[in-house]
Amino acid sequence: MLSNRWFGSFRTFSLQLTPSRILHFSDFIDVFAFLGAYYFVKKCLKTAALLTDTVNAHVLSRLRPYSNEWWMESFGPWAVVTGSSEGIGQAYAYELARRGLNVVLISENERRLRSTQVLLEGRFAVKVEYIVVDFASADQTEVYNRIWEVLEDKDIGLLVNNVGVSYRCPDVLLSISREDLWRLIYVNIGAATMMTHMLLPGMVKQGRGGLVVVSAGSSTQITPQMTVYSATKRYLDYFIQGVAYEYRHSGLTFQCLMPFYVNTRMTGFSDTLTRSRGFFPSAKQYASNAILTLGRASLTTGYFYHTLQLWLAWMLPSGLWMWGSEKLNNALRREAQNRALRRVHKSASDETMVSVAMTPA
Ligand SMILES: NC(=O)c1ccc[n+]([C@@H]2O[C@H](COP(=O)([O-])OP(=O)(O)OC[C@H]3O[C@@H](n4cnc5c(N)ncnc54)[C@H](OP(=O)(O)O)[C@@H]3O)[C@@H](O)[C@H]2O)c1
């Protein structure tokens, strides 16, 4: 009834829209009322979709987690995780091995890769291999040729594009060296793009598999003082959503994970962010939550407290978000600088104590 009335008044209004009537006050009221109703319904539908996704990702995934057989059928027998010698990537690889998948780890530091391999093979009855590469290497062709040599013969069902680098601490563009900017581009954008391009054909051919990118909460809005980092993460959001649409009939699972702060080496510049509780989970806490959401949510933070942050981020007007980000990032930079100063003082005083102790009486 109500919608008929609205539609009727809108129709009457449009039919009567002649130049002589165009400024009639009650007509404007009708149009605004119609736009208001449209906006309200759109918001209600969006909120309902958001709540359904959240319940699916954070509640149903816990109540009815997928079995190891499901994991093997959907994403086995091999999974590839980039940036997996520590942090979120290592913890995610651990969760995959726990579900029975063989894992290929890809990172830069061989010692850490080797100890991750030993850890996973020691705990679970799976095979673990690793590839040592620097995704930021000047010879990009060589990087992906080397990776392909190892992956070519493997039946890979899951690619987790986790590798990422950030700023040493938040700062403005001109304080970031060109070398670091290239690293951000090669590692954050290049690795996910090229790895996906490399492994997607095999998955499409088999009609099954999964592709995950690890983006970041800072990509939800423009984030000053982390400008390039958050922009590279925004690329990943668009990239995976675009690919998911292009291959929507392929039977593959696509997911964009958008964590906010996680206590890892990446956030190690700040004492506040390395407290590991609630809003700042450890990599292990984060990955054990995030993995439950694969196959249930195509875009999620992967962690309930971060989803609350994401809602807030979506609601804030962009001006307010940028203002707040700048304040927060300034505070984090000061904290990082003070921390570095404390370290310098401590090592200087340690050296003085050693030289005093060694001075003959
Ligand atoms: N931590 C957070 O608060 C947070 C928040 C949002 C999103 N994220 C995203 O989550 C992902 C994982 O972050 P994280 O916190 O776990 O980072 P992390 O602890 O710093 O670990 C990064 C991993 O990437 C590898 N890596 C870095 N540069 C590399 C390169 N040039 N070539 C090959 N491997 C390289 C590291 O390997 P080596 O040990 O060999 O160097 C390490 O295994 C990133 O994409 C990050 O942007 C993190």
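The following dialogue reads several features of a predicted model.

Colleague: In what order do the strands of the open sheet lie, and how do they pair?

Modeller: In general, strands of a sheet pair through backbone hydrogen bonds, either parallel or antiparallel. Here an open sheet of 7 strands has the order E3-E2-E1-E4-E5-E6-E7, with parallel pairing. Its edge strands are E3 (128-132) and E7, each of which pairs on one side only.

Colleague: What joins strand E6 to E5, and what joins E6 to E7?

Modeller: E5 (residues 210-214) is joined to E6 by 5 bridges, in parallel. Val-213 has Cys-256 as its bridge partner in E6. Towards E7 (residues 299-300), E6 makes 2 bridges, again parallel, and there Cys-256 stands opposite Leu-299.

Colleague: Are the residues of E6 buried or exposed?

Modeller: A residue is called buried if 20 or more other C-beta atoms lie within 10 Å of its own. In E6, Thr-253, Gln-255 and Leu-257 point one way, Phe-254 and Cys-256 point the other way, and all are buried. Because 5 of the 5 residues of E6 (residues 253-257) are buried, the strand is largely enclosed by the rest of the structure.

Colleague: How is a helix with a buried side to be read, and which residues of H5 are buried?

Modeller: An α-helix has 3.6 residues a turn, so residues three or four places apart point the same way. In H5, Leu-113, Thr-116 and Leu-120 are buried. They cover an arc of only 65 degrees around the axis, which puts them on the same side of H5. The face turned away from that buried side carries the exposed residues Glu-110, Arg-111, Val-118 and Gly-122. As for length, H5 (residues 110-123) has 14 residues and reaches 20 Å from its first C-alpha to its last, close to the 20 Å expected at 1.5 Å a residue.

Colleague: Which residues come nearest to the ligand?

Modeller: Of the 31 residues around the ligand, Gly-83, Gly-87, Asn-109, Gly-164 and Thr-264 come nearest. The shell divides into 14 nonpolar, 12 polar and 5 charged residues. Helix H4 (residues 87-98) supplies the largest share of the shell, 3 residues.

Colleague: Where is Asn-109 found?

Modeller: Asn-109 is found in the loop between strand E2 (102-107) and H5. Asn-109 counts as partly exposed because it has 13 C-beta neighbours inside 10 Å. Asn-109 and Gly-83 are 26 residues apart along the chain, and their C-alpha atoms are separated by 9.7 Å.

Colleague: Which backbone angles deserve a look at Pro-77 and at Gln-225?

Modeller: For a peptide bond, the angle to read is omega: from Gly-76 to Pro-77 the bond is cis, with omega near -5 degrees. Pro-77 lies in the loop between helix H3 (68-75) and strand E1 (78-82). At Gln-225 the angle to read is phi, which is positive, about 70 degrees, although the residue is not a glycine. Gln-225 has its place in the loop between E5 and H8, and it is buried, with 23 other C-beta atoms within 10 Å.

How values were computed
Residues numbered from 1 in each chain as written. Predicted model: local features only at pLDDT ≥ 70, side-chain atom pairs only at ≥ 80, totals over all residues. Buried ≥ 20, exposed ≤ 12 C-beta atoms within 10 Å, placed from the backbone. Helix = DSSP H or I, 4+ residues; strand = E, 2+ residues; numbered from the N terminus. Pairing = 2+ DSSP bridges. Near = placed C-beta within 6 Å. Nonpolar A, V, L, I, M, F, W, Y, C, P; charged D, E, K, R; others polar. Expected span 1.5 Å × (residues − 1). Arc of directions from axis to C-beta.
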